[in-house]
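Welcome! Take a moment to look over the protein below, and then we will walk through it together, one topic at a time.

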Amino acid sequence: MYHTVRDLKPNTVYEFWVTASNSAGTSPGSDRAKHTTVPLAPTIKRKAVASCPNAALIEWESEGRNSADSYTVEFCKVCSSCDWTESLTESLTGITSCKTIVDLEPNENYLFYVRALNEGGCSDRSSPVSIRTTGNRFYLMEQTAHLALSLLEDGVTIVYNEDNVCVDSPNYDERFTR
């Protein structure tokens, strides 16, 4: 005998047990079995997605508190001039935060999906987001950079801070002053 339980909430732990009843009464409950339902599919934050020629930053959110133990990012190259629309899907697994940077090939189109995982299993795929790896590289040139600009250790972030001007910096005629 079996019974189907419906309308369970996502990412929730349920306990199940069975009793038997007849004219003599009701039996003690069986051993309890715990079951965790899978989380809802994450939502990719389309406005937070960024790309450059060799990589993309993907950010997403998951409904509910502690909604997943980890995430899997799936992506595939899209070929518009071919007979197929998706190539082999690659996966990055075990991501514990809601964002990741993915190394990619330049000047290509990709589709990205995210799945949430918990002890109950894997969620459905998120809605896809399309990314094209294009962009420009910017360099902070010492000869022309304003003295209040500095490049952080990540090699990407430029910070403007008038209070942190290095007075020992060489003075160049070509340097921006505003």
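## Cysteines

Searching the whole structure turns up zero disulfides, where a disulfide is a pair of cysteine sulfur atoms within 2.5 Å. This is a predicted model, in which local features need pLDDT of at least 70, side-chain atom pairs count only at pLDDT 80 or more, and totals for chains, interfaces and linings use all residues. Residues are numbered from 1 along each chain as its sequence is written, and side-chain values use heavy atoms, leaving out hydrogens and water.

## The whole chain

The protein chain has 15 strands and zero helices. Both are DSSP runs numbered from the N terminus: helices (H or I) need at least four residues, strands (E) at least two. Of its 178 residues, 24% count as buried.

The chain exposes about 13,100 Å², and carbon and sulfur atoms supply 49% of that area; such areas come from the Shrake-Rupley method with a 1.4 Å probe, and for residues only the protein chains shown count as cover.

## The nonpolar core

In soluble globular proteins, nonpolar side chains tend to be buried together. A nonpolar core is a set of buried Ala, Val, Leu, Ile, Met, Phe, Trp, Tyr and Cys residues joined through side-chain atoms within 4.5 Å. The largest one here has 18 residues, and Ile 44, Ile 58, Trp 60, Tyr 71, Leu 104 and Phe 112 have the most contacts inside it. Two or more residues of this core come from each of E7, E8, strand E11 (109-118) and strand E13 (129-132). E11 gives the largest share, four residues.

Leaving aside residues up to four places away in sequence, Ile 44 touches several partners, including Ile 58, Trp 60 and Phe 112. Contact means heavy atoms within 4.5 Å.

## Two loop residues

Is Ser 62 buried or exposed? Ser 62 is buried, with a relative accessible area of 17%, and sits in the loop between strand E7 (55-61) and strand E8 (70-78).

Thr 96, in the loop between strand E9 (90-95) and strand E10 (99-103), is exposed at 67% relative accessible area.

Note on methods. Buried means under 20% relative accessible area, exposed over 50%, partly exposed in between (1.4 Å probe, protein chains only).
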